[in-house]
Amino acid sequence: MKALVLAGGRGTRLRPLTHTSAKQLVPVANRPVLFYGLDAIREAGITETAIVIGDTGDEVRAAVGDGSDFGLKVSYIQQEAPLGLAHCVVIAREFLGDDDFVMYLGDNLLIGGIADLVAAFQASDYAAQLLLSRVAEPQFYGVAELDADGAILSLQEKPDVPRSDLAIVGVYMFSPVVHEAVRAITPSARGELEITDAIQWLINRDHKVHSYLVSGYWKDTGRLRDILECNRILLERVEARTDGTIGGRSEIEGRVVVHPGAVVEDSVLRGPIVIGSGTKVVRSYVGPFTSIAEDCVIEDAEIEYSIVLGSSTIRSVPRIEHSLIGRDVEVTGASRVPNAHRLMVGDHSKVQLRA
């Protein structure tokens, strides 16, 4: 069995961060979301993997390399534009051959892995297997409608009026018959070849399509609140470890990870949190569910329930929460009157200021 990992797309819901960075490489618990999916693929016994990349392909290649760090053999397939999930299957035809395969969306997080699901699919005669999860806002996802016996009646892609609350999780399993389906469908009103249309094609022709309701944690990390929630869930699982330097009158509470080379002075760290290597935390408070990446400076500041990417500085700021701060960012307090906010904010940003 092979794996097809999708790491293209433009990440419009996470702009401006994704103007310059792949959405699949946004870190949760100080590790790119994409890496958790690669781990799940290896743990399922799959080694031969192709990653579909787009405009941010160079960054993905640099992060993953040949896959050896993950126990995988990774190759890359360039998609010239975001033309749909089914289009990814079309352009991966040569790599996939006539093997069964898992298609894994690189910005999805599924805790618990896929090993059992892969084994069950390999032992079956299904043409496709879908994972489903109940969600509060199904209009943002592909949606499945089931009959009273749990069989799939229909599929919709991001419908205005969803027929159910069952979202399609971004992990699919296919037999080679799906290649006929993706060649048979036409682009949707969005101009994309939708994988939901390909699966509906299989259903309409009486191919066996199995659905499995996910009972564990799953999240599509396409929005800020989803990334912060994933960060929270993963931080709940960390084991306390202090390999950096703790000095002064610092207080450490709960599950706190301080990586080698990090320095904490006269600060309060209240876990679960992760402090990356080379980061300095001075006279500050870092509260629960916060991930601070490598080589950052947190000085005379307070932050909690947030993610800070590498080489950023937060200095003399009274309180930051529920925030995602990109790489090489400076957030500083005003030291002179008038007490004004000074901002340089890119397109599609969101800033909330106290009145």
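How many helices and strands are there in the protein? I counted nine helices and 28 strands, taking helices (H or I, at least four residues) and strands (E, at least two) as DSSP runs numbered from the N terminus.

**Entry 1: basis.** I noted that this is a predicted model, in which local features need pLDDT of at least 70, side-chain atom pairs count only at pLDDT 80 or more, and totals for chains, interfaces and linings use all residues. Residues are numbered from 1 along each chain as its sequence is written, and side-chain values use heavy atoms, with hydrogens and water left out.

**Entry 2: overall form.** Along the principal axes, the C-alpha atoms fill a box of roughly 70 × 40 × 40 Å.

I took buried as under 20% relative accessible area, exposed as over 50%, and partly exposed as in between. On that basis 52% of the 355 residues count as buried.

I took a contact to mean heavy atoms within 4.5 Å. Of the contacts with a separation of 6 or more, 49% are between residues 24 or more positions apart.

**Entry 3: nonpolar cores.** I searched for sets of buried Ala, Val, Leu, Ile, Met, Phe, Trp, Tyr and Cys residues joined through side-chain atoms within 4.5 Å. The largest such core has 37 residues, and Val 89, Tyr 172 and Ile 195 are among those with the most contacts inside it. Helix H8 (residues 195-204) gives the most to this core, with six residues. Apart from it I found another core, of 36 residues, including Val 5, Ala 7, Leu 72 and Leu 117.

I also listed what Val 89 touches when residues up to four places away in sequence are not counted. Its partners include Leu 4, Phe 101, Met 103, His 179 and Ile 195.

**Entry 4: strand E8.** Is strand E8 (residues 128-134) mostly covered or mostly uncovered? I found E8 mostly covered, with six of its seven residues buried. I counted two strands as paired if DSSP finds at least two bridges between them. E8 pairs with strand E11 (residues 166-174) in the antiparallel sense over six bridges, and Leu 132 has Ile 168 of E11 as its bridge partner. E8 and strand E12 (residues 209-213) run parallel, joined by five bridges, with Ala 128 opposite Val 209.

**Entry 5: cysteines.** With a disulfide defined as a pair of cysteine sulfur atoms within 2.5 Å, I counted zero disulfides. Cys 88 is buried at 3% relative accessible area, and Cys 296 is buried at 1%.

**Entry 6: backbone details.** I found a cis peptide bond between Gly 271 and Pro 272, with omega about 10°. Pro 272 is in the loop between strand E19 (268-270) and strand E20 (273-275).

Asp 266, a residue other than glycine, has a positive phi near 50°. Asp 266 lies in the loop between strand E18 (263-265) and E19, and is partly exposed at 35% relative accessibility.

Phe 289 also has a positive phi, near 60°. Phe 289 lies in the loop between strand E22 (285-286) and strand E23 (290-292), and is buried at 18%.

Note on methods:
Buried means under 20% relative accessible area, exposed over 50%, partly exposed in between (1.4 Å probe, protein chains only).
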